[in-house]
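User: Hi! I'd like to go through this model with you, a bit at a time. Shall we start with some helix packing?

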Amino acid sequence: MLDKSKISSQWGRLSWFEKGCFVGVISVIVLAVVGPWIAPHDPYFVDLDKSLLPPSSEHWFGTDVDGRDILSRLLFGARSTLLAPLGVIVFAASVGTVIGTIAALNPGVVDELIMRLCDVGLAFPALVLSIGLASALGPSLRSAIIALALTWWPGYARLVRSLVLEVTHKEFIESAKVLGVPRRKIVFRHILPNALNAMYVQTTIDVSAVILVISGLSFIGAGAQPPSSEWGAMVTSGRDYMLTGWWTVVVPGIAISLTAMLFNLSGDALRVLNDPTLKQSRG
Amino acid sequence: MIRLAFRRLLMTPPVIFSIVTLVFFMTQLIPGDQARIAAGRDATIEQVEAMRIKLGLDSPLYIQFGQYLDRLLHGDLGTSVFTYRPVLTDLADVLPSSIELVCLAMIINLAISLPAAMLTAAYRGRRIDRTVRIFVLFGGTVPVFWLGLTLQNLFGARLQMLPIAGQHKSGEIVPRRTGATTVDSLLSGDFSIFLDSLTYVILPALTLSCAFIAVLTRTLRSSMIGVLDSDFVMVARAKGASNLRVLVRHALPNAAIPTLTIVGMQVGWMLGSTILVESIFGRQGIGSYAMTAVLQKDIFAVIAAVLILGIAFTLLNLIVDLLVPIIDPRLRRSHG
Amino acid sequence: MHTRNLLLKSKHIRALAILSSCVVALSLISISTSANAATKQLVIADSEPPQTFDPVRANNSTVDLVVQPLYDVLVDFDAKNKLGGRLATSWKVSPDGLEISMSLRSGVEFHDGKTLTSADVKYSLDRIKKLNVGVAASLATYASTKIVDDTKLIINLTQPTATFVSALSRAYILNSRLVGANEGTDSGQAWLGNRAAGSGPYTLTSYTTNQEATFAKNTNYWRNFTNQADKVIIRYIPQGATQRDLLKSGEIDLAMKISTADLNGFKADSKFVVQDADTIVQLYIHMNTMKGPLKDPKVRQAISLAYDYASHVKNIMGGNGAIAQGPLPKAIACHVYIPDGVQNLSRAKTLLRQANVKNLKLTMIYLSVIEEHARGGLLLQSALKSIGVDLQLVTVTYPEYVSQISKPSTTPDMGMISAFPAYPDADAVLRIVYDSKNLSGGNNFAYSNPAVDTLVRNAAAISDSSKRCSLYRDAQRLIVKDYASLFLSNPKFITVRNTTVTGDYYRAAHHNTLDFFSMMLK
């Protein structure tokens with residue numbers, strides 16, 4: 001699936017803007033990993049005398065209402081902010097792929113049943129489930145991840161099912177069948193790899209969606225709880241200070257927005273790369 | 001075609017039933033003794049136990065579920081342990097304003113996405129493409145409540161161009177017919193109140209729609225690019241058609257199918273995510289209703305809210321799935 | 001660029017410009033003007049709508065706020081916490097404490113014109129007992145009412161209860177004929193969901209669910225109006241930031257939920273008044289005295305000495321309150337002198353060493369959705385870290401809090417919660433929170449001291465106020481000696497209003513509500 005020569009040739013096809021997006025995504029991930037080591041202050045140290053200091057040389061992004069350095073909180077919080085969508089999507093994508101493939105390869109009753117199961121999953125309002133699970137398990141990032149994973153997999157199941165169906169009817173598969181290649185080999189060697197190429201696009205874009213949904217859950221108290229420095233929780237706890245200490249809301253807000261945008265635009269670029277029939281004009 | 005429709009319709013009740021069952025048992029997981037919540041914070045133990053018997057919480061779970069289903073089939077959604085009124089009455093109070101909000105949000109969505117998609121598809125790769133895309137994307141990736149609070153502060157508090165919160169002017173009473181202030185004022189014939197009530201929905205609808213605009217614009221853009229690159233469009237251009245004409249004549253109709261599919265799902269999602277906007281702009285709606293219900297462990301209210309949202313979503317998708325083959329005859333023979 | 005390729009031709013641009021100016025013009029037309037000067041109107045913003053208008057649920061402040069103007073009570077507390085007669089002109093408790101004879105005021109009319117008599121009082125009290133919810137919790141010893149005549153009645157109790165008359169301040173008197181006719185199968189609870197059947201100073205004109213409640217002056221009220229509003233509107237706005245904006249724009253006259261961060265802006269603005277009042281609310285951190293690492297009183301004492309109480313009041317509350325002094329809120333009678341909580345980290349460390357405790361790990365449940373609690377939890381966590389104690393903060397919802405402390409086996413190490421006494425009586429705090437009989441209730445956090453039990457139960461039965469006070473003072477001293485809880489703060493009740501309205505409209509006995517009858521417009 002990951003072909004080195006293919007990657008370098010694809011990279012050349014990208015515009016400088018799209019290359020920038022990919023570099024941005026990698027940087028965010030790197031920051032999340034090394035964040036805690038390069039943070040200048042202790043993100044949990046409460047110093048009420050230093051409450052709501054504006055950005056300065058000592059505190060690049062200022063302090064929040066409890067005197068904690070915002071830059072340090074941002075760096076510490078990058079991990080939970082990015083791990084959350086990772087958890088959701090890994091779960092949703094794996095479960096969805098398995099279920100979707102089963103559905104596609106077993107038309108009839110099995111397919112119908114699985115599709116209706118997906119319908120139930122998609123129709124169930126994600127927000128209510130998140131609040132319900134937050135109540136049941138105690139509000140936390142973990143309960144939010146579980147709730148979102150449970151509502152996200154049907155989307156992947158449907159996607160994988162249609163991708164597999166599309167590939168199954170292609171000619172080279174038909175020829176393989178005629179040639180007597182065993183079914184399992186067909187599935188794993190030919191169908192899945194082709195189908196999964198399109199998944200990268202979806203997962204990248206979903207990362208941005210999940211980041212935003214989780215920050216929204218924090219606002220209503222169903223996501224990460226204090227003193228977590230998850231970015232959504234940071235925006236929530238700063239909301240009373242939007243006028244008196246705008247940096248407490250704007251900085252993590254831009255971080256969320258920028259990260260989501262970078263993932264999103266990278267996903268778009270991947271989509272274009274993936275489908276050679278889409279001609280790109282470079283104006 | 002009819003066979004397909006019939007089969008889909010047949011499948012809807014089991015889907016709804018599964019949702020009801022799922023949420024009933026999910027609510028059981030919510031901590032908190034429902035009897036104590038209903039009896040009150042300082043209730044004595046005897047009072048709590050009396051309440052438990054009154055609510056039927058002393059019987060085993062499967063019996064409670066059975067009783068609930070029985071009432072449901074007779075149209076009784078139960079009594080709320082929070083408001084002590086029938087859940088159906090409470091829902092009828094709050095649902096219309098959510099529907100009003102979502103309708104306007106969808107209109108805004110289409111009004112912005114269609115032109116934006118056409119613009120960026122026509123000028124693909126140029127600066128205007130990138131600018132519009134980034135602008136639309138920004139609106140969609142900014143945290144919703146930040147967007148809401150900022151818009152409210154800017155247009156409401158500072159510029160005083162639009163109302164800050166609420167659904168109508170204080171003290172102004174519109175005879176209630178549907179529960180949606182805009183529709184009611186229209187029905188009562190007062191056009192100035194109608195316009196006024198529209199101004200109350202604009203900011204919340206705009207806030208709600210932003211995330212959905214980002215998705216719809218992107219999808220429509222790729223669909224239109226696909227059309228613009230196709231052969232018959234090349235021929236049309238060779239014959240001298242302008243870009244605008246090509247877009248309107250060919251790209252738009254082709255975009256109808258993906259638009260319809262996505263809009264169908266988005267309406268359902270919008271309806272389920274109104275809570276943030278309602279809280280910021282002081283509107284009532286099914287979002288805050290559902291959240292209060294969950295936090296108060298108001299089981300019947302939770303189930304009713306999920307039921308409404310689930311049915312809405314399922315029905316909308318059903319309608320879309322049925323309309324698609326009608327619009328595009330090529331897709332009539334589909335594989336479920 | 002060829003003009004042909006332009007997507008937007010100049011005629012399109014012109015059309016767009018005209019369209020957008022129309023939209024802007026339309027929206028400018030609908031800028032609202034402030035209240036009509038002919039009718040004196042008062043617009044209030046509250047954050048949480050009432051779950052019902054049924055007065056039996058008036059133990060909940062959101063309900064209490066809306067039923068107060070619509071109904072009358074037999075007796076009530078004023079802004080200085082003094083109990084006085086309202087519908088009752090006089091009352092006497094029998095020597096054995098089992099009978100309360102009352103005389104009612106005559107000539108009081110309900111909103112529908114019917115006269116208020118003893119029969120309505122009997123109906124209302126019987127209904128509370130029958131439903132056994134809400135305010136019934138503080139009227140648990142009510143047995144029956146005997147009607148002597150239209151203005152004289154005798155209330156019978158199952159046992160002597162010193163606090164019964166105080167608790168009557170939330171027993172709103174209903175129009176028995178009106179409610180009786182609409183009882184249905186639930187004693188009228190559904191019917192009273194958004195309707196009123198009272199005799200109070202205001203009538204309910206309309207209620208839009210979760211949005212707005214409108215009240216109109218009742219000109220037949222038995223007290224005389226002076227400068228009160230003719231019309232009062234309550235708007236339900238959940239966000240403090242929105243209330244602030246509405247207040248500044250003049251759309252509302254009084255806001256009940258302005259965040260601490262915005263108060264300074266209003267304090268500096270001469271167009272607005274930040275009005276504060278002392279409450280009987282108190283914030284506690286209760287400790288599990290029955291099991292776990294906090295069973296040792298020395299450890300509990302160490303924890304109490306670790307918290308920075310002064311910083312809590314100064315920084316977290318912005319100075320809008322005071323440090324609590326002991327288990328009983330200072331404004332309640334029978335409060336015994338107990339010094340402010342003071343931080344002493346070195347003494348705390350010494351105590352931990354004496355108790356032979358190293359690497360202590362504790363868990364605290366709290367309602368982090370409340371800003372003061374969230375920041376207090378963080379402050380405690382930071383303070384405990386500096387004495388070598390690791391505190392884990394666990395967010396819970398209120399029903400979950402209640403559910404965890406209802407069994408001593410599931411009660412965690414610590415819990416942060418506020419007490420909202422229903423009336424200014426020591427019993428409402430000391431017995432409800434510290435009597436071991438309430439271990440399986442929603443208020444007692446794993447505390448059991450037989451000496452305290454005896455004191456508060458005896459005090460609940462006798463009526464001599466000075467005797468009661470000495471019992472309560474002893475109880476307070478015992479609870480403090482046990483280091484049962486950290487006593488954090490007594491908040492002030494803060495409202496921000498413009499200069500058109502004045503009055504002493506807060507009563508500690510009805511926390512989080514406004515007394516419309518005391519609100520005067522200029």
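This is a predicted model: local features need pLDDT of at least 70, side-chain atom pairs count only at pLDDT 80 or more; totals for chains, interfaces and linings use all residues.

User: Nice. Which residues of α5(B) and α14(B) meet?

Analyst: On the α5(B) side you have B:V87, B:L91 and B:L95, and these meet B:F300, B:A301, B:A304 and B:I308 of α14(B). The residues of this contact divide into 7 nonpolar, no polar and no charged.

User: Okay, another pair. What angle do α6 and α9 of chain B pack at?

Analyst: Helix α6 (residues 127-141) and helix α9 (residues 191-228) of chain B pack at about 145°, and their axes are 6 Å apart. From α6(B), the contact takes in B:D129, B:R133, B:V136, B:L137, B:G139 and B:G140. From α9(B) come B:C210, B:A211, B:I213, B:A214, B:T217 and B:R221.

User: Let's switch to chain C. How many helices and strands does chain C have?

Analyst: Chain C comes to 15 helices and 20 strands. Its C-alpha atoms fill a box of roughly 90 × 75 × 45 Å along the principal axes. The chain has 522 residues, of which 56% count as buried.

User: There's an open sheet of 4 strands in chain C. What's the strand order?

Analyst: The order is β4-β5-β7-β6 in chain C, with antiparallel pairing. β4 (88-93) and β6 (142-149) of chain C are the edge strands, each with a single partner strand, so one side of each has no neighbour in the sheet. From one strand to the next, the twist averages 20°.

User: What packs on that sheet?

Analyst: Helix α3 (residues 118-131) of chain C does, touching β5, β6 and β7 (152-157) of chain C. The direction of α3 makes about 170° with that of β6(C).

User: What about the hairpin they form: which residue takes a positive phi?

Analyst: C:G97 does, with a phi near 75°. The hairpin of β4(C) and β5(C) has 5 residues between the strands.

User: I also noticed C:T117. Where is C:T117 found?

Analyst: C:T117 is in the loop between β5 and α3 of chain C.

User: Buried or exposed? I mean C:T117.

Analyst: C:T117 counts as buried, because its relative accessibility is 14% and the cut-off for buried is under 20%. Setting aside neighbours within four places in sequence, C:T117 is in contact with C:L104 and C:D150.

User: Next up, β10(C). How many of the residues of strand β10 of chain C are buried?

Analyst: 5 of the 6 residues of β10 (residues 231-236) of chain C are buried, so the strand is largely enclosed by the rest of the structure.

User: Which way does β1(C) run relative to β10(C), parallel or antiparallel?

Analyst: β1 (residues 41-46) of chain C runs parallel to β10(C), and 6 bridges join the two strands. In that pair, C:L42 stands opposite C:V232.

User: And how does β9(C) pair with β10(C)? What's the sense there?

Analyst: β9 (residues 212-217) of chain C pairs with β10(C) in the antiparallel sense, over 5 bridges. There, C:A213 stands opposite C:I234 of β10(C).

User: Last one: how many helices and strands are in chain A?

Analyst: Chain A has 10 helices and 0 strands. Of its 283 residues, 56% count as buried. Among contacts in chain A with a separation of 6 or more, residues 24 or more positions apart account for 69%.

Technical notes:
Residues are numbered from 1 along each chain as its sequence is written. Chains are lettered from A and ligands numbered from 1 in the order in which they are written. Side-chain values use heavy atoms; hydrogens and water are left out. Contact means heavy atoms within 4.5 Å. Ala, Val, Leu, Ile, Met, Phe, Trp, Tyr, Cys and Pro count as nonpolar, Asp, Glu, Lys and Arg as charged, and the others, Gly among them, as polar. Two strands pair if DSSP finds at least two bridges between them. Axes are lines fitted to C-alpha atoms, for helices over the stretch in contact, and angles run from 0 to 180 degrees between N-to-C directions. Buried means under 20% relative accessible area, exposed over 50%, partly exposed in between (1.4 Å probe, protein chains only).
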